[in-house]
Amino acid sequence: MNILKGKNVFISGATGSIGKSIAVHLAKEGCNIFITSTNKNKLEGLEAVLRDYKVKVMLYPGDLNNDNEVRDIIEATKEIGCIDILINCAGVFPNISLFKISDEDFDRTININLKSAFVFTKAFAQNMVENSWGRIVNIGSSSSYFGYRETSIYCASKHALLGFSKSIHDELKDNNVRSYCISPSSTKGDMGLNTKGQDYSTFLDPNDIAKYVIFSISFDSNIVSEELQLKRMIVR
């Protein structure tokens with residue numbers, strides 16, 4: 001039995017490599033998909049791909065660094081109905097040394113990588129609780145566990161996202177609302193291309209990450225992968 005078929009999914013950062021792959025794999029499962037990111041043209045391209053799977057698709061562009069636009073995105077989801085599965089995938093990766101980080105850099109990173117996950121969770125989890133079914137997937141990073149030079153804001157945001165994810169899981173699990181923090185190592189895509197000092201050819205395939213997400217949220221029994229680290233076999 002496919003427990004995901006017909007569920008309504010919200011994906012932030014949907015046009016990034018991981019977000020796009022998750023959207024496609026969930027559409028294959030028969031989910032209705034609401035996608036958001038800052039780039040309308042890329043959203044429309046992804047929408048066309050998803051519609052091939054004969055599911056309902058909606059898009060709404062917005063900047064998660066702007067509180068008003070975040071509220072507009074949430075309001076727009078009402079057309080697709082209650083959100084059953086939330087994928088917090090939006091992220092920015094400032095590769096900046098400590099002494100060159102501006103207040104604007106800090107605020108933007110925290111707003112997009114962390115605050116948006118909090119706001120979307122708060123907005124959608126109430127209906128999940130009322131329906132006694134929900135999935136909240138927070139896309140973390142190896143930086144949720146480790147610190148790396150010139151990525152202090154990014155690492156801080158991902159550490160915080162892991163703590164948030166674990167906390168809300170404990171708070172919501174009695175209502176069959178499960179929270180997952182899935183933390184991949186460096187992944188192929190635009191963000192991966194900005195990673196310094198590593199061999200891009202060894203980076204993870206975003207489709208493999210998407211498969212882990214689908215597998216993890218597909219259980220309705222008394223088992224849960226509350227957090228997963230997805231590492232590379234070979235690191236260069």
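Biologist: Which elements each supply at least two residues of the lining of the largest cavity?

Modeller: In this predicted model, H4 and helix H5 (152-172) each supply at least two residues of that lining. The largest share, four residues, comes from H4.

Biologist: What makes a residue part of the lining of the largest cavity, and which residues are these?

Modeller: A lining residue must have an atom within 4 Å of a point of the cavity. The residues that line the largest cavity are Ser12, Asn88, Cys89, Ala90, Ile112, Asn113, Ser116, Ala117, Ile139, Lys158 and Leu161. By class, the lining has six nonpolar, four polar and one charged residues.

Biologist: Why is this space called a cavity, and how much space lies in it?

Modeller: A 1.4 Å probe fits at its points but cannot get out, and therefore the term is cavity; a pocket, by contrast, is an open set. About 30 Å³ of space lies in the largest cavity. The count of cavities of 30 Å³ or more comes to one.

Biologist: What is the volume of the second largest pocket, and which residues line it?

Modeller: The second largest pocket has a volume of about 190 Å³. Its lining consists of Phe118, Thr121, Lys122, Ala125, Gln126, Val129, Phe164, Ile168, Glu171 and Leu172. H4 and H5 are the elements that give two or more residues to this lining, and H4 provides the largest share, six residues. By class there are six nonpolar, two polar and two charged residues.

Biologist: How do you know which residues make the contact between H3 and H4?

Modeller: Contact requires heavy atoms within 4.5 Å. The contact is made by Asp67, Val70, Ile73 and Ile74 of H3 and by Lys115, Val119, Phe120, Ala123 and Phe124 of H4. Seven of these residues are nonpolar, none is polar and two are charged. Helix H3 (residues 67-76) and helix H4 (residues 103-131) pack at an angle of about 35°, and their axes are 11 Å apart.

Biologist: Is the crossing of H3 and H4 called left-handed or right-handed, and what decides the term?

Modeller: H3 passes H4 in a right-handed crossing. The near helix is turned clockwise from the far one by less than a right angle, and so the crossing takes that term.

Biologist: Why are E3 and E7 said to stand at the edges of the sheet?

Modeller: The open sheet of seven strands has the order E3-E2-E1-E4-E5-E6-E7, with parallel pairing. Strand E3 (57-59) and strand E7 (227-230) each have a single partner strand, so one side of each has no neighbour in the sheet. From one strand to the next the twist averages 15°.

Biologist: How do you know that E5 and E6 pair?

Modeller: Pairing requires at least two bridges between the strands. Strand E5 (residues 134-139) and strand E6 (residues 177-184) have six bridges, in the parallel sense. Ile136 stands opposite Ser179 in E6.

Biologist: Which strands does H4 touch where it packs on the sheet, and which does H7 touch?

Modeller: H4 touches strand E1 (8-12), strand E4 (85-88), E5 and E6, and its direction makes about 170° with that of E4. Helix H7 (residues 206-217) touches E4, E5, E6 and E7, and its direction makes about 160° with that of E6.

Biologist: Where is the place of Gly30, and which residues does Gly30 touch?

Modeller: Gly30 lies in the loop between helix H1 (17-28) and strand E2 (32-36). Not counting residues up to four places away in sequence, Gly30 touches Lys5, Gly6 and Val55. The C-alpha atoms of Gly30 and Asn2 are separated by 8.8 Å, and these residues are 28 residues apart along the chain.

Notes
Residues numbered from 1 in each chain as written. Predicted model: local features only at pLDDT ≥ 70, side-chain atom pairs only at ≥ 80, totals over all residues. Heavy atoms only, no water. Axes fitted to C-alpha atoms, helices over the stretch in contact; angles between N-to-C directions. Nonpolar A, V, L, I, M, F, W, Y, C, P; charged D, E, K, R; others polar. 1 Å grid on protein atoms, 1.4 Å probe; cavity = no way out; pocket = protein on both sides within 12 Å on 5 of 7 lines; lining within 4 Å. Points joined across faces, edges and corners; volume = space filled by probe spheres on them.
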